[in-house]
Amino acid sequence: MGRLPNEAIAILAGVIAALAWLSYRRSAKARYSLLRELFVRTAAVAGFEPEAVLVVQPQAGADSEFAGQIQGTPRSWHVVLAGPAWLAAMKSAAWRRPVSGMEILPFGKGALRERSYLVIRRGRRFELVHELLPYLKRLGAPWPEVGGRIPFPSR
Amino acid sequence: MNWEFEAAWLCDYALAVVFAASAGGKAQAMTDLRMEIRAYGPVPVRLEPAAAWTVLAMEWALAAAFAAGGTLEGVKEPAAIAVLLGMTGLSWRRRRDGGGRNRADGTGSCGCFGANHPLSRRPLLRNAVFIAVAAAGWIAERPAPSGTGFAAFALAVASAVWLLEARKMQKETGEWRAGDGQVTE
């Protein structure tokens, strides 16, 4: 079989690229709608539209340094403990702030259900932060933006 | 078929995908990138934003150089090896100083391609493979690409980057696990 001409290869590459882009757009749309659903659900539970949602795994929440930082997060955030409701209720008392259980998470068995992270709403897009400890330690500084402009709870 | 040409193109392709995916993933999560630079610790706080933009610009430049194929021969490969060695050193240092414990997810993966990216696993082994690929690409020689050949090559790079990103998002939402509903009640 002879080699395909360059034009045919370019057209084939274009078709494959179009399919790859459609797959990417479909996944991005699905993720966006799930993150939006997370904010809708947290707004219903918290009674206000949160600026950010902090999702914490039980093992991360048990870490004393990390737990200490959670207590100081802005009241405009909502905290979700990816564990059972009774554990969320316990943590709510310990952290002295409303905490929801994993039933609020709209994701299937994916990384957004199984890891700790922060979702920040920036207008019509969402930004995920996974480096939580350094980020939480910086709250209240001129940067990062979230947490810098809003009043902190009295501790 | 000239196997040296084919191997050289494959090396360029692999490295173009790697650097484009890395830069694309980082560009989507600039906050995470700054925090990761903070966690690695070699840069003063006030220089973090500049460091983040420098890393990003460097990776986009390398991605473009490799995607262009046949250009900057003998320059882009050592540059890529230097960048990869630097990143490997930082990853190793962070792992030695506590590794994944700094990340709240507790995983040993890095955020080099953005969190949850398929290429983010096993950073040290992965970078060693990329360095070997860059070294092989440095040795092998290839002809300059034609106009249509160049277009096909760039589209193939973009396809791989989009598919990897799609895979990452499917992994995040749980969509990739067959049988799971996307939205749980």
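**A walk through chains A and B**

Hi everyone, let's start where the chains meet: 41 residues of chain A are in contact with 41 residues of chain B, contact meaning that C-beta atoms, placed from the backbone, lie within 7 Å. The largest share of chain A's side, 18 residues, comes from α1(A); helices here are DSSP runs of H or I with at least four residues, strands are E runs with at least two, and both are numbered from the N terminus. By class, that side has 24 nonpolar, nine polar and eight charged residues. Nonpolar covers Ala, Val, Leu, Ile, Met, Phe, Trp, Tyr, Cys and Pro, charged covers Asp, Glu, Lys and Arg, and polar takes the others, including Gly.

A quick note: this is a predicted model, where local features need pLDDT of at least 70, side-chain atom pairs count only at pLDDT 80 or more, and totals for chains, interfaces and linings use all residues. Residues are numbered from 1 along each chain as its sequence is written, with chains lettered from A and ligands numbered from 1 in the order in which they are written.

Now, please find strand β2 of chain A, residues 77–81. Five of its five residues are buried, so β2(A) is largely enclosed by the rest of the structure; buried means 20 or more other C-beta atoms within 10 Å of a residue's own, again placed from the backbone. A:Trp77, A:Val79 and A:Leu81 point one way, while A:His78 and A:Val80 point the other.

Who are its neighbours? Five bridges join β2(A) to β1(A), running parallel, and A:Val55 stands opposite A:Val80. β2(A) also pairs with β3(A) in the parallel sense over two bridges, pairing requiring at least two DSSP bridges.

Conventions
Two residues are in contact if their C-beta atoms, placed from the backbone, lie within 7 Å. A residue is buried if 20 or more other C-beta atoms lie within 10 Å of its own, exposed if 12 or fewer, and partly exposed in between; C-beta atoms are placed from the backbone.
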